[in-house]
Amino acid sequence: MHVQQMMTLHPQARGGPGQEILTRCVEAAYDCAQICIACADACLGEDDVVRLRQCIRLDLDCADICLATGSTATRRTGANTPTLIRLLETCATACATCAQECSMHAADHPHCRLCADACHRCEDLCRQALTMLQATVQ
């Protein structure tokens with residue numbers, strides 16, 4: 001909710017094209033980052049942590065990329081559209097990869113199911129924001 005309020009109040013972003021989708025993407029990226037960090041930590045607490053090694057790695061990679069994407073997309077003064085486009089592409093890929101790995105563990109670990117869901121949502125919103133941005137530069 002605060003992301004939406006801040007982006008709505010920003011003097012250079014108010015009512016701009018794609019503002020709503022970009023705001024939803026930022027919120028999803030921050031949400032996904034938090035859930036991925038929590039999932040990695042929960043995986044470390046599991047008895048079969050060795051089997052979850054790749055899941056932990058992908059959770060942490062995804063979290064870092066989501067944080068960078070959310071931070072960059074939040075900055076609305078000026079424009080760095082080429083970089084934001086690359087970050088959105090990278091974030092969507094990281095989220096898809098993490099979701100795939102977490103889905104393999106979801107039956108045994110509910111935190112992995114929740115993480116996969118958040119990654120799918122973030123991936124979808126990154127792709128929507130990407131489509132919107134690419135349309136504005138063409």
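Six salt bridges are counted in this structure, where a salt bridge is a side-chain nitrogen of Lys or Arg within 4 Å of a carboxyl oxygen of Asp or Glu. The model is predicted, so local features need pLDDT of at least 70 and side-chain atom pairs count only at pLDDT 80 or more, while totals for chains, interfaces and linings use all residues. Residues are numbered from 1 along each chain as its sequence is written, and side-chain values use heavy atoms, leaving out hydrogens and water.

**A salt-bridge network**

- D48 and R51 join their side chains in a salt bridge, at 3.1 Å from N to O.
- R51 also forms a salt bridge with D108, at 3.6 Å from N to O.
- This second pair links distant parts of the chain: R51 sits in the loop between α2 and α3 (53–74), and D108 in the loop between α4 (81–105) and α5, 57 residues apart.
- Through shared partners, salt bridges join D48, R51 and D108 into one network.
- D48 is partly exposed, with a relative accessible area of 26%, and R51 is partly exposed at 43%.
- D108 is exposed, at 55% (buried means under 20% relative accessible area, exposed over 50%, partly exposed in between, with a 1.4 Å probe and protein chains only).

- The side chains of D61 and R57 meet in a salt bridge at 2.8 Å, N to O.
- Both D61 and R57 belong to helix α3 and are four residues apart, about one turn of the helix (helices are DSSP runs of H or I, at least four residues, and strands of E, at least two, numbered from the N terminus).
- D61 is partly exposed, with 27% relative accessibility.

**How α2 and α5 pack**

- Helix α2 (residues 19–44) and helix α5 (residues 110–137) pack at an angle of about 155 degrees, with their axes 8 Å apart (axes are lines fitted to C-alpha atoms, for helices over the stretch in contact, and angles run from 0 to 180 degrees between N-to-C directions).
- The two helices, α2 and α5, are therefore roughly antiparallel to each other (angles over 145 degrees count as roughly antiparallel, under 35 as roughly parallel, 65 to 115 as roughly perpendicular and the rest as oblique).
- In the contact of α2 with α5, the residues divide into 21 nonpolar, two polar and two charged (Ala, Val, Leu, Ile, Met, Phe, Trp, Tyr, Cys and Pro count as nonpolar, Asp, Glu, Lys and Arg as charged, and the others, Gly among them, as polar).
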